[in-house]
Amino acid sequence: QVQLVESGGGLVQAGGSLRLSCAASGRTFSSYNMGWFRQVPGVERKFVAAIRWTGGSLYYADSVKGRFTISRDNAKNTVYLQMNSLKPEDTAVYYCAAGMSAPRVVSSYDYWGQGTQVTVSS
């Protein structure tokens with residue numbers, strides 16, 4: 001069992017930066033791929049970024065490539081999403097998730113956090 005708690009969301013102006021954190025409980029955190037997804041009302045949850053359990057492979061949605069960076073610290077049971085050059089279209093609730101396969105696929109993740117709101121003003 002893995003429990004996930006996101007933090008770091010907030011209101012920022014376009015062009016600004018935020019860093020999201022996702023703290024995990026459970027002794028097997030280092031065995032899971034970790035992903036970040038985002039969702040706006042009325043739209044399905046969408047993939048943002050993911051990192052393999054080894055930390056050696058990173059995956060990004062085209063819309064965030066070059067602006068967002070995912071990383072993890074297995075010693076701290078934490079995964080991060082550094083978001084730079086934020087745009088109003090990045091506004092969403094951001095969720096972290098833990099899973100064992102298919103890093104880009106929502107349904108491959110077994111555990112989810114409660115989400116943190118990110119709002120980017122123009």
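Predicted model: local features only at pLDDT ≥ 70, side-chain atom pairs only at ≥ 80, totals over all residues.
Gln 3 stands opposite Ser 25 in β3.

Next comes the pairing of β3 with β8. Strand β3 covers residues 18–25 and strand β8 covers residues 78–83. The two run antiparallel and are joined by 6 bridges. Leu 20 stands opposite Leu 81 in β8. Ser 21 stands opposite Tyr 80 in β8. In a regular strand, side chains alternate between the two faces of the sheet.

Leu 81 leads on to the core. The largest nonpolar core has 36 residues. Which of them touch the most other members? They are Leu 4, Met 34, Trp 36, Leu 81, Met 83 and Tyr 94.

Take Tyr 94 from that group. Residues up to four places away in sequence are not counted here. Its contacts then include Leu 20, Leu 81 and Met 83. Tyr 94 also touches Glu 6, Trp 36, Phe 37, Arg 38, Val 48 and Phe 68. Gly 115, Thr 116 and Val 118 complete the list.

Now turn to Lys 46. This residue lies in strand β5, residues 46–51. Is Lys 46 buried or partly exposed? Lys 46 counts as partly exposed because its relative accessibility is 46%. Leaving out residues up to four places away in sequence, Lys 46 touches Trp 36, Phe 37 and Arg 38. Lys 46 and Tyr 80 are 34 residues apart along the chain, and their C-alpha atoms are separated by 17 Å.

Leu 11 is the last stop. Strand β2, residues 10–13, contains Leu 11. Why does Leu 11 count as exposed? Its relative accessibility is 66%, and exposed means over 50%. With residues up to four places away in sequence not counted, Leu 11 touches Thr 119 and Ser 121. Leu 11 and Val 64 are 53 residues apart in sequence. In space, 18 Å separates them, C-alpha to C-alpha.

Note on methods: Residues numbered from 1 in each chain as written. Heavy atoms only, no water. Pairing = 2+ DSSP bridges. Helix = DSSP H or I, 4+ residues; strand = E, 2+ residues; numbered from the N terminus. Core = buried A, V, L, I, M, F, W, Y, C linked by side-chain atoms within 4.5 Å. Buried < 20%, exposed > 50% of the residue type's maximum accessible area, 1.4 Å probe, protein only. Contact = heavy atoms within 4.5 Å.
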